[in-house]
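Hi,

Here is the structure I promised to hand over. Please open it first, then read my notes below.

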Amino acid sequence: MTHDLPAPHHTVGVRALCEFTAKAGDLDQRFTPAPSAQQGIAGHGVVARRRPPGYLAEVVLVGEHRGLRVRGRADGYCAESRRIDEVKTYRGSLDRMPANHRELHWAQAKVYGWLLCDRFGLEAIEVALVYFEIASQCETVMSERHTAQGLRAFFETQCERFLAWSRQEAAHADARREALHALRFPHPEFRSGQRALSEGVYRAAIARRCLVAQAPTGIGKTVATVFALLKAWPTQAFDKLFFLTAKGTGRAVALDALARLRGSDPTPVIRIVELVARDKACEHPDKACHGDSCPLARGFYDRLPAARQQAIDAPVLDREALRVIARAHQVCPYYLGQEMARWADIVVGDFNHYFDINAILFGLTVAHEWRVALLVDEAHNLLERARAMYSARLARSTLQALRRSAPPDLRRPMERLARRWRELQRGQVDARQPHREVPDRFASALKDVCAAISDHLAEQPAQAEADLLAFHFDALHFLRLVDLMADHSIIDTTVEPAPVGMRRQTTDLAINLRNLVPAPHLRGRFAAAHACTLFSATLTPFAFHCDMLGLPAASAWLDVDSPFSSAQLTVRIADRLSTRYRDRASSLTSIADLMARQLAAAPGNYLAFFSSFDYLQRAIDRFRERHAGITVWAQSRFMTAIERDAFLARFSDDSCGIGFAVLGGSFAEGVDLPGRRLVGAFVATLGLPPPNAVNEALRSRMETDFGAGYAYTYLYPGIQRVVQAAGRVIRTEQDRGIVYLLDDRFARTEVRRLLPRWWSVEPAALPPWNAAASAS
Ligand code: SF4
């Protein structure tokens, strides 16, 4: 081998090398879904165990060409037969695999083949692709005989194609290292609490510990946490930093903080890419992601190199920048973003880009063995989001609607599935019926429908109607979760109102797989990160989040002191007033009068939070009846972005009134109304989730697992919502305000313990004419 350079300038994995050099043609997402990472690992294990004694699994191989070091782990080598195996796990029909996927697999196998020949001094070798089908556990083996000389020529060709890019990457890594050493905090000084947070994140990263950091709003958490990890980067040799948020607004804040950290340097010394959901980036929402349907998928990999080269030089690849570049090169902006995540230093994305079952960032981390640092912003939202990611629901009405226009090749399997639905319906005696497992006959019929749809889409790609595709993906997701079913989830069937437009039907039947404890799904995600910080203003109590999210046992807790003082916020508990469900009607007048009295005493803008839209409506009706002269406005269900902006625009420096909103809704967190724009909040109820059958099942599980059924199911999530909502009032060290907690239970010790330490709580006097009527 020739060595033009004295030492390798860059190291690349076999997989990354081949994905760069050997992918051509169309983007094609039909051959889905890939098995989960766990299923993939298990599949590789099954193949290795089937091989004869002496078979070497996971053979570490390294090679070099002109200063480029290539490394990887071959799946297996049998010295007796001189055969190297490249194992690929999949699900479904192998015939559906596009030719360019197969070409890529051969490229990887041949590169490993050369590295193995080089290591063991072999003249020739059998190179095999072993396709392992997860469901049937069957192997399909394709093998070719190659000489070492031929494999070496192939290897060198791939390296040559990558060399210019790899030198650019090596130069980038050097420049990034220097820039990170020189990086300074972007403000003249840290705000109160900001330094403690930043130091805590830095220390945890150096110690490789997961950190759960509770830090108040307004101290600049985003810039503090990102700065800490960038400073830890050189010693920890991170490959990537993932900044994960629950909402699009969180991504905007992160991109803004990163822009400040980068300063005015126009050269992308630190590369940043923003990932958004497919429906936000897609240019052809009516099409499917393959070359037979979408023009931006057709020839995607042929045009990708030029688009990638332009994108790598962009200062920040946010959604708009990606779109502009993708348009110029006629490639899909969504998949261009995913490609650039491989080459970026910092990826700003949603929780689901790392934690979801098919998460791209987690998949890349495992595949490329990246050392990643994770920042999980507004982490109090992760529990509910993760539950949703690992839950699934299928409604009978969806199948019925599809059957009306089903193509002929789908009618019989759909009819069989419809029969299984009818069986479920006949066995349904209650509105909600728990099941120990998904009935075998139902799961089997659902698999048949999925297989038939896959075949149909492969043969009739142009007929990829949105409804059929949506059902297909939902059904596949459901089946994958069925495979992962354990006591972290429950299954039930529920009778629900039929959707509008259903003929002759008033009710629908849904089958639900509901995740209760996402910890078993998330544990591996946290373990795969080299450093991880979860942060939010409300993460109390620590143990609750550790248990529910599956955080490592050695995780650390940091509770940053608030920069705000109790002199800034008056917190009053209406401890003679009950908002329990049975007392709501009788306490509406007291609440209305208390709010009006506060407005008279301290005019300004207030938010009033209620636990449901129904409760909100009753409260605002009563308020209008009694205090018609006070301006009020209300949140409504399904508000558009324009309507939400209009709601918030009513909070101006010189306006006066009350905005009625729901706890846990879009105005209860992430909303900034500093100064006179918001002077107070009223929070009715403890925000407890409703005690329905599902929550009672959760309570029972929480009692069994953690001995804390009520607290884990109701109290902790409820008070978290309350503190988030009340947290809208004080946003800066100049703000002054008042919060009323409207329920006597707020005075209980176990509830008071969950309120922020800096709050100083006092009882609220009710208007004298209401007090007697309200006490429960
Ligand atoms: S533009 Fe839309 S349909 Fe086309 S490949 Fe991209 S995401 Fe898929």
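Leaving aside its neighbours within four places in sequence, which residues is Ser555 in contact with? They are Arg209, Cys210 and Phe542. Contact means heavy atoms within 4.5 Å.

First, some ground rules. This is a predicted model, where local features need pLDDT of at least 70, side-chain atom pairs count only at pLDDT 80 or more, and totals for chains, interfaces and linings use all residues. Residues are numbered from 1 along each chain as its sequence is written, and side-chain values use heavy atoms, with hydrogens and water left out.

Back to Ser555. It lies in the loop between helix H20 (542–549) and strand E17 (556–559). Helices (H or I, at least four residues) and strands (E, at least two) are DSSP runs, numbered from the N terminus. Ser555 counts as buried because its relative accessibility is 7%. Buried means under 20% relative accessible area, exposed over 50%, and partly exposed in between (1.4 Å probe, protein chains only). A polar atom of the Ser555 side chain lies 2.6 Å from the backbone oxygen of Pro552.

Two histidines come next. His456 sits in helix H17 (residues 440–459). At 1% relative accessibility, His456 is buried. Its side chain makes a polar contact of 3.0 Å with the side chain of Asp409. A polar contact is a pair of N or O atoms within 3.5 Å; within protein, one must be able to donate a hydrogen and the other to accept it, and residues adjacent in sequence count only if both atoms are side-chain atoms.

His353 is in helix H12 (residues 352–355). His353 is buried too, at 8% relative accessible area. Its side chain reaches the backbone nitrogen of Asp350 at 2.9 Å. Not counting residues up to four places away in sequence, His353 touches several residues, among them Leu275, Val276 and Phe362.

Now the backbone. Most residues other than glycine have a negative phi, and most peptide bonds are trans. Which residues does a cis peptide bond join? Thr540 and Pro541, with omega about -5°. Pro541 is in the loop between strand E16 (531–536) and H20.

Glu58, in strand E2 (residues 56–65), has a positive phi near 55°. Glu58 is partly exposed, at 41% relative accessibility. Gln137 also has a positive phi, about 60°. Gln137 is in the loop between strand E5 (124–133) and strand E6 (139–147). At 33% relative accessible area, Gln137 is partly exposed.

Best wishes
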